[in-house]
Structures are given as C-alpha cells and as structure tokens.
Amino acid sequence: MQNCKLKITGGQAGEKETVELYTNGSVSFDNGTTVIEYDDGESDDNSLNRVIISGDVVTMSRLGAFTQTLIFEKGKSFSTLIPTTVGMLPLSIYSSSVVTDVKDDKTTVNLSYSMDFNGSSSENEMTLEAYY
C-alpha cells in the first residue's frame with residue numbers, strides 16, 4: 001500500500017456547478033485489482049471510502065456507521081437500500097459509461113450514470129484521479 005493524492009469531481013451532467021474534493025489516501029495493487037482508500041472528511045463517524053477497480057467494474061464503498069456499496073458496470077443497473085438517519089431509502093443507478101485507466105503513477109476513473117434516489121432521477125458524472 002502506498003500513499004496517494006486524490007482529486008474527485010462530480011455533479012449532474014450538463015450542469016456548470018460541480019463538487020470537488022482534494023484529499024490524501026492510499027492505493028494498492030493485487031492481481032489486476034486496484035484498491036484506493038481515503039477519508040473524505042465529511043462525517044464524524046471515522047468512515048472510510050474504498051474504491052475497487054477490477055477490469056471495467058468499479059465498486060465504491062463507504063465503511064462506517066452507515067455502510068453502503070455501489071457497483072458501476074457499463075450497461076448494467078445496480079439497486080440497493082441506502083441507510084440514513086430516517087431509515088432505509090431505495091437507490092438505483094444505471095452506468096452508461098465506466099472508463100478506468102491504471103498507470104504506474106496515476107489511476108483515473110470516469111463514470112457517467114443515471115441515479116434514481118427515492119423517486120427522484122438525475123444524470124451524473126464523476127471523475128476520480130489518484131496520483132502516487
């Protein structure tokens with residue numbers, strides 16, 4: 001496992017406003033699988049974010065008081081229940097594009113997906129860049 005710097009950007013497709021996060025994390029490589037872990041500084045429960053890249057499948061997990069996992073695979077849907085302080089809420093995502101690029105000094109993940117959260121839909125994009 002080695003240290004890395006992360007830049008994560010995302011937002012609704014076609015919108016000018018995006019969210020950016022810069023943080024430190026770690027990256028490891030094992031038999032073609034890349035694992036990136038980081039703390040986003042957003043919660044008080046010491047949660048950990050984990051991104052697993054295995055081929056063209058990206059699994060994103062938040063591990064902590066409210067553990068959740070999302071799986072992004074081009075052309076496929078993923079449904080789950082998201083734990084919140086008001087109970088479990090349904091979430092479905094459909095990945096229209098999943099592009100990963102793992103190099104000796106940088107890993108990039110680009111996701112385009114539609115999301116249906118508790119009856120509201122949106123088209124979203126996210127880019128994760130890990131520099132090591």
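In this predicted model, ten strands form an open sheet in the order β6-β5-β4-β3-β2-β1-β10-β9-β8-β7, with antiparallel pairing. Strands here are DSSP runs (E, at least two residues), numbered from the N terminus, and two strands pair if DSSP finds at least two bridges between them. The edge strands, β6 (68-73) and β7 (77-84), each pair on one side only. On average, neighbouring strands of the sheet are turned by 30 degrees against each other, direction ignored; the axes are lines fitted to C-alpha atoms, and angles between N-to-C directions run from 0 to 180 degrees.

Residues are numbered from 1 along each chain as its sequence is written. Because the model is predicted, local features need pLDDT of at least 70 and side-chain atom pairs count only at pLDDT 80 or more, while totals for chains, interfaces and linings use all residues, and side-chain values use heavy atoms, with hydrogens and water left out.

Strand β9 takes part in two hairpins, one with β8 and one with β10.

| Strand pair | Residues | Bridges | Direction |
|---|---|---|---|
| β8 and β9 | 87-102 and 106-117 | Eleven bridges | antiparallel |
| β9 and β10 | β10: 120-131 | Twelve bridges | antiparallel |

Three residues lie between β8 and β9. Across this pair, Ser95 stands opposite Tyr113 of β9.

The hairpin of β9 and β10 has two residues between its strands, and Asn118 in that turn has a positive phi of about 55 degrees. Val109 has Leu128 in β10 as its bridge partner, and Thr108 stands opposite Glu129 in β10.

Terms used. Helices (H or I, at least four residues) and strands (E, at least two) are DSSP runs, numbered from the N terminus.
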